[in-house]
Amino acid sequence: MESIRLQGVPMVFFELFSNAPDIVRVPAGKALFHEGEEGCCMFVLTIGSAEVYVKNRRVELLVPGNMVGELALVTRGPRTATVLALEDSEFVSIDEDRFNYLVQHTPFFALNVMRLLAERLAAASSALPAVEDV
C-alpha cells in the first residue's frame, strides 16, 4: 500500500512539531509500538522512515510528515498495528491534551487526522474478501 501523505499541508504543519518536547527516538529495526499494546498517544514521524504491519503484513511505509497511532488515541483502545523503524527515526508524541489543543487551534490538523482515518478505513475495507450476495 502506498503511504498516506498529508496532501497540500503547508510547511507550518511541520513547525507545529519542530519544538515539541516529546520526541521519541527509535533505532533502526526497533518498534515504536506493537499491535495489541495499549495506546494513549499518536505520533508524527519527523525524521527517518518506518513500516506499519497489521497481523504481520506490511500495509504502509511512513515518511516524515506521516501520522500513526491516531486510532488508539481517538478510541482509547489497543494498537491495531505494529510500527518498525527502517532507519534511525524520530517521532513526535501527541497525547490527548496536545491532540485536543491542536484540533482546537489548528483546523487543518483536525481535517488531516479525519482524512487519514477515512483513508485507512477505506484501505482496510477494500482488503476484505468479497462475500456472496445473500
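## An exposed arginine in a predicted model

At 60% relative accessibility, Arg 25 counts as exposed, a value that, like the others in this report, comes from a predicted model. Arg 25 forms a salt bridge with Glu 90, and the closest N and O atoms of the two are 3.2 Å apart. Because Arg 25 belongs to strand β1 and Glu 90 to strand β8, this pair ties together parts that are 65 residues apart in sequence.

## The chain as a whole

The protein chain holds four helices and eight strands, and these follow one another along the sequence in the pattern α-β-β-β-β-β-β-α-β-β-α-α. Of the 134 residues in the protein chain, 40% are buried. When contacts between residues at least 6 apart in sequence are considered, 76% of them join residues at least 24 apart.

## The sheet and the helix on it

Four strands form an open sheet in the order β1-β8-β3-β6, with antiparallel pairing. The edges are taken by β1 (23–26) and β6 (67–68), each of which has a single partner strand, so that one side of each is left without a neighbour in the sheet. As a general point, strands of a sheet pair through backbone hydrogen bonds, in either a parallel or an antiparallel manner.

Within this sheet, strand β3 (residues 41–47) and strand β8 (residues 89–95) run antiparallel and are joined by six bridges, and Phe 43 stands opposite Ser 93 in β8. Helix α3 (residues 96–105) packs on the sheet, where it touches β3 and β8, and the direction of the helix makes about 80° with that of β8.

## Further salt bridges

A search of the whole structure finds four salt bridges, one of which is the pair of Arg 25 and Glu 90 already described. In another, the side chains of Glu 51 and Arg 58 meet at 2.6 Å, N to O. Glu 51 is buried, with a relative accessible area of 15%, whereas Arg 58 is partly exposed, with a relative accessible area of 36%.

Arg 76 also forms a salt bridge, in this case with Glu 96, the closest N and O atoms being 2.5 Å apart. Since Arg 76 lies in the loop between α2 and β7 while Glu 96 lies in helix α3, the pair ties together parts that are 20 residues apart in sequence. Arg 76 counts as exposed at 58% relative accessibility, and Glu 96 counts as partly exposed at 30%.

## A buried arginine without a salt bridge

The loop between α2 (70–75) and β7 (82–85) is also the place of Arg 79. Arg 79 is buried yet has no salt bridge, and the nearest side chain of opposite charge, that of Glu 37, is 5.5 Å away.

The side chain of Arg 79 does, however, reach the backbone oxygen of Cys 41 at 2.9 Å. Leaving aside residues up to four places away in sequence, the residues that Arg 79 touches include Phe 33, His 34, Glu 35, Gly 36, Glu 37, Glu 38, Gly 39, Cys 40 and Cys 41, together with Phe 43, Gly 69 and Ala 72. Among these contacts of Arg 79, Phe 43 is the residue that stands opposite Ser 93 in β8.

Methods:
Residues are numbered from 1 along each chain as its sequence is written. This is a predicted model: local features need pLDDT of at least 70, side-chain atom pairs count only at pLDDT 80 or more; totals for chains, interfaces and linings use all residues. Side-chain values use heavy atoms; hydrogens and water are left out. Helices (H or I, at least four residues) and strands (E, at least two) are DSSP runs, numbered from the N terminus. Buried means under 20% relative accessible area, exposed over 50%, partly exposed in between (1.4 Å probe, protein chains only). Lys and Arg count as positive and Asp and Glu as negative; His and the chain ends are not counted. A polar contact is a pair of N or O atoms within 3.5 Å; within protein, one must be able to donate a hydrogen and the other to accept it, and residues adjacent in sequence count only if both atoms are side-chain atoms. Contact means heavy atoms within 4.5 Å. Two strands pair if DSSP finds at least two bridges between them. Axes are lines fitted to C-alpha atoms, for helices over the stretch in contact, and angles run from 0 to 180 degrees between N-to-C directions.
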